[in-house]
Amino acid sequence: MAILEVKDLNFSYEEEGKTIDNVSFSVEEGSYTTIVGHNGSGKSTIAKLIMGLLESASGTITIDGIALNNENLAKIRSRIGIVFQNPDNQFIGATVRDDIAFGLENHCVEPSMMDEIIDTNAALVKMSDFMDQEPTHLSGGQKQRVAIAGVLAMKPKLLIFDEATSMLDPDGKDEIKKVIMKLHKESSLTILSITHDIDEVASSDYVVALDQGKVVLTGTPQEVFQQEKKLKEMKLDIPFSLKIADELKKRGVTVDRCITMEGMVNELCRLRSKM
Amino acid sequence: MGNFTLGRYLPLDSPIHKLDPRAKIMAMLLLLITIFFPAGWIGYGVIFVCVSVVIILSKLSVSFIWKAMKPMLFMLFFLLVINALVLKTGTVLFTIGSWSLYSDAVFQTLYIAVRLLLMIMITTCLTATTKPLEMTLGIEDLLSPFQKIGLPSHEIAMLISIALRFIPDLIDETTRIIKAQESRGVDMKEGKLMERVMAILSLIVPLFVSAFQRAEDLANAMEARGYAPGLPRTRYKQLEMKKQDWFLLACCGVLMGVIIWIAWFR
Amino acid sequence: MPIAFENVSHTYSAGTPYEYQALRNINLEITEGKMTAIIGQTGSGKSTLVQHLNALLLPDAGIVHILDRDIKAGEKAKKLKALRGEVGLVFQFPEYQLFEETIIKDVAFGPKNFGCNEEEATKRAKEALKLAGMDESYFEKSPLELSGGQKRRVAIAGILAMDPKVLVLDEPTAGLDPAGTASMMALFSKLNKEMHKTVLMVTHDMENVYTYCDDVVVLEKGQVKLHGTAREFFSDPKKCRELNILPPYIVRMKEMLNEKGFDIPESVVNMKELADYIAKEVK
């Protein structure tokens with residue numbers, strides 16, 4: 001079943017041309033879907049449209065069977081959690097505890113119930129030891145983990161990451177990717193991640209590739225990364241293993257186009273032993 | 001920034017730190033009003049003793065209060081000069097040429113100095129022992145009765161707490177932009193008028209641009225997490241008045257009564 | 001005259017409860033004309049180190065030798081402004097320093113501060129913008145109209161217009177997409193190889209370090225842990241990991257293949273050579 005269904009979506013900012021051009025795609029319940037495309041391809045605009053932060057010109061967005069419109073914004077937003085790019089600009093509370101509480105307050109949760117919810121969700125992202133810290137004393141990765149706990153507290157059915165790791169250092173990126181993977185695997189949360197991280201794309205279930213506001217490619221990463229020509233036109237990065245595969249092809253060696261490095265190493269060993 | 005103590009919170013562990021912010025704010029207001037009753041030196045002595053007890057209880061050091069007082073010294077000196085020139089009552093203390101210093105000029109200045117010292121002691125007692133966030137909660141609760149006449153007390157509190165939250169970030173941002181422009185040859189400290197204007201512009205414009213970006217991000221994040229101004233919401237941090245809080249208010253009430261009594265019979 | 005740090009230490013907020021020693025007794029000599037990467041975890045002192053190069057920060061102890069100047073701890077530094085023209089420092093997210101009405105004016109701002117007249121400054125600005133890959137049609141536009149990547153180019157042009165001898169970049173590709181990163185790195189490489197500028201770059205992106213940089217300096221907790229050629233550094237993936245640095249893809253791939261029985265010689269350093277070698281092995 002699709003938890004998110006985007007159909008014939010159109011949107012433009014006043015001054016420019018079409019930012020989102022007839023976009024349709026869906027996200028299956030329990031899947032890990034990634035949206036890729038270079039800066040300016042309209043990726044982040046889609047996230048804002050889904051959250052109802054921007055209003056589309058035409059087309060429909062259906063979340064968990066509910067069509068998004070101005071009347072049911074609150075209902076929709078209680079079903080989706082989003083983590084944005086900039087760790088500083090989404091930390092609202094004075095401390096970790098207060099920031100996780102922020103969404104709960106908005107959803108009118110009984111104050112006496114909050115402590116338990118806050119502690120559980122902070123534990124999920126391994127922030128239990130920092131509950132009374134102020135954001136100035138936290139790293140970017142820690143702030144993003146708090147942001148994740150904050151949206152998890154609202155029990156969303158779909159979790160959106162809008163380039164949530166792009167401003168972090170390698171350690172921070174790693175932390176967040178691990179947390180996302182864990183949530184997906186252990187709590188079978190549906191993940192929609194807008195990302196430049198080609199390794200993350202390769203490990204996802206389903207990919208939507210955008211270029212100039214249009215959906216250019218969809219499919220499993222394995223399928224999408226076979227489309228060499230289109231990927232090159234889009235100036236999209238490909239996994240390192242495929243770069244090797246392309247170089248080998250030029251040298252007359254055909255290998256299985258594995259998208260992970262481990263897969264490619266095994267494939268090369270197989271070829272070598274066949275000799 | 002390091003020497004600036006007026007209004008700064010000090011994370012210490014004291015009975016005063018644990019009091020309800022509403023009680024502390026109300027107590028501060030009561031004491032500030034009390035200072036303005038003309039109870040003479042005896043009255044000020046009584047207030048000074050009481051406030052000193054609170055300061056000792058809150059574990060604040062004398063030097064902390066003194067640092068808060070320091071910026072006011074210049075103002076007091078200025079006042080003394082004016083008083084010395086204008087006030088010609090009381091006894092003559094000494095004379096230089098055709099000008100003489102009268103005792104009232106000194107007393108008037110001292111009088112104001114003592115009031116100012118007391119005010120600073122009282123407000124520092126509040127701000128140094130109350131976290132900014134608790135202060136906001138206290139203000140919100142104290143203002144909530146005025147909601148009936150249309151005062152958006154919750155929104156005001158939200159505004160203050162967000163401003164407090166982003167002050168350190170904005171300070172960082174400012175330092176970074178100053179350094180970036182200095183790398184482009186800007187001299188923030190000296191230069192001709194036109195150069196100074198450009199230097200300030202090169203700081204102000206980027207600060208505004210980034211502040212707007214921040215505001216937009218923040219608005220999106222808040223909206224996405226279900227915040228809408230005016231809608232009902234619950235509050236995580238609940239305040240609760242305990243015995244100690246009522247005791248503080250009672251003490252302040254008694255003190256105020258005593259001071260009024262002294263002023264009356266003076 | 002080389003760029004060198006001699007026993008340099010730097011402490012923030014000394015004498016307060018927030019005191020923090022960012023650099024501890026740094027001894028380092030940067031080779032002129034090379035492209036050097038400064039790497040290390042967040043908080044290792046990378047940004048503090050590079051801000052000493054144009055005297056935005058002054059050492060608490062030790063001496064910084066830069067071009068023909070010595071900046072000694074405790075001495076009042078002179079002629080800092082001229083130094084800042086010779087050592088161009090590009091901050092992280094430099095797009096936030098744009099403030100003029102038009103792009104050309106913004107880029108000309110630096111040269112004007114260093115005493116160029118209007119005409120000369122504009123000429124330099126045009127050259128710098130072209131070098132940074134901005135088309136002439138943009139020159140009269142407002143910087144606010146540009147995309148993130150373009151803004152970054154303009155901001156970097158603003159430093160290039162000062163015609164510095166040394167270019168210092170603090171995480172210049174942070175937040176850019178892969179295509180933007182590649183073209184940005186190509187620009188720095190060109191400045192280094194063709195225009196012979198000494199380039200120092202703080203970065204977390206090991207792919208860039210591996211592909212473009214000659215030398216590597218690894219910082220850890222305010223100390224220099226390693227200084228050597230990039231090639232040598234990455235030839236020892238174990239050492240990289242010890243220093244908490246994930247080696248680039250190609251190094252990891254070589255490592256994995258070698259573990260599985262391949263015997264890839266050390267001379268194989270780029271993708272083409274690796275492909276040549278593998279093709280020979282499996283064909």
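Which residue forms a salt bridge with A:D174? The partner is A:K178, and the closest N and O atoms of the pair are 3.3 Å apart. A salt bridge here is a side-chain nitrogen of Lys or Arg within 4 Å of a carboxyl oxygen of Asp or Glu. Before we go on, please keep in mind that this is a predicted model, in which local features need pLDDT of at least 70 and side-chain atom pairs count only at pLDDT 80 or more, while totals for chains, interfaces and linings use all residues. Residues are numbered from 1 along each chain as its sequence is written, chains are lettered from A and ligands numbered from 1 in the order in which they are written, and side-chain values use heavy atoms, with hydrogens and water left out.

Back to our pair. Both A:D174 and A:K178 belong to helix 6 (residues 170–186) of chain A, where 4 residues, about one turn of the helix, separate them. Helices (H or I, at least four residues) and strands (E, at least two) are DSSP runs, numbered from the N terminus. A:D174 is partly exposed at a relative accessible area of 39%, whereas A:K178 is exposed at 56%. For these words, buried means under 20% relative accessible area, exposed means over 50%, and partly exposed is in between, with a 1.4 Å probe and protein chains only.

Side chains of opposite charge can pair when their charged atoms come close. Over all chains, the structure holds 44 salt bridges. One of them connects the side chains of B:R225 and A:D99, at 3.5 Å from N to O. B:R225 sits in the loop between helix 7 (193–224) and helix 8 (243–265) of chain B, and A:D99 in helix 3 (residues 96–106) of chain A, so this pair joins two chains. B:R225 is buried, with a relative accessible area of 4%, and A:D99 is buried too, at 1%.

B:R184 and C:D106 form a salt bridge whose closest N and O atoms are 3.0 Å apart. Because B:R184 lies in the loop between helix 6 (153–183) and helix 7 of chain B, and C:D106 in helix 3 (residues 103–113) of chain C, this pair also joins two chains. B:R184 counts as buried at 1% relative accessibility, and C:D106 is buried with a relative accessible area of 1%. Within chain B, a network of salt bridges links B:D20, B:R22, B:E140, B:D141 and B:R235.

Now for the surface. On chain C, a patch of positive charge gathers C:R24, C:K221, C:K225 and C:K239. Patches are made of residues with over 30% relative accessible area and no salt bridge, with like charges joined within 9 Å and nonpolar side chains (Val, Leu, Ile, Met, Phe, Trp, Tyr) within 5 Å. Accessible areas come from the Shrake-Rupley method with a 1.4 Å probe. B:F78 lies in helix 3 (residues 62–86) of chain B and counts as exposed at 52% relative accessibility.

Next, a look at covered parts. A:I238, in the loop between helix 9 (228–233) and helix 10 (240–250) of chain A, is buried with a relative accessible area of 13%. Leaving aside residues up to four places away in sequence, A:I238 touches A:I198, A:F225, A:L231, A:K243 and A:D246, where contact means heavy atoms within 4.5 Å. In chain C, helix 10 (residues 249–259) is mostly covered, with 8 of its 11 residues buried; among them are C:Y249, C:R252 and C:E255. C:G261 follows this helix and has a positive phi, near 105 degrees.

That brings us to the backbone. Most residues other than glycine have a negative phi. B:K59 has a positive phi near 65 degrees and is not a glycine; B:K59 lies in the loop between helix 2 (40–57) and helix 3 of chain B and is exposed at 52%. C:H196, also not a glycine, has a positive phi of about 55 degrees. Its place is the loop between helix 6 (178–193) and strand 8 (198–202) of chain C, and C:H196 is exposed at 62%.

Note on methods: Lys, Arg positive; Asp, Glu negative; His and termini not counted. Charge placed at Lys NZ, Arg CZ, Asp CG, Glu CD.
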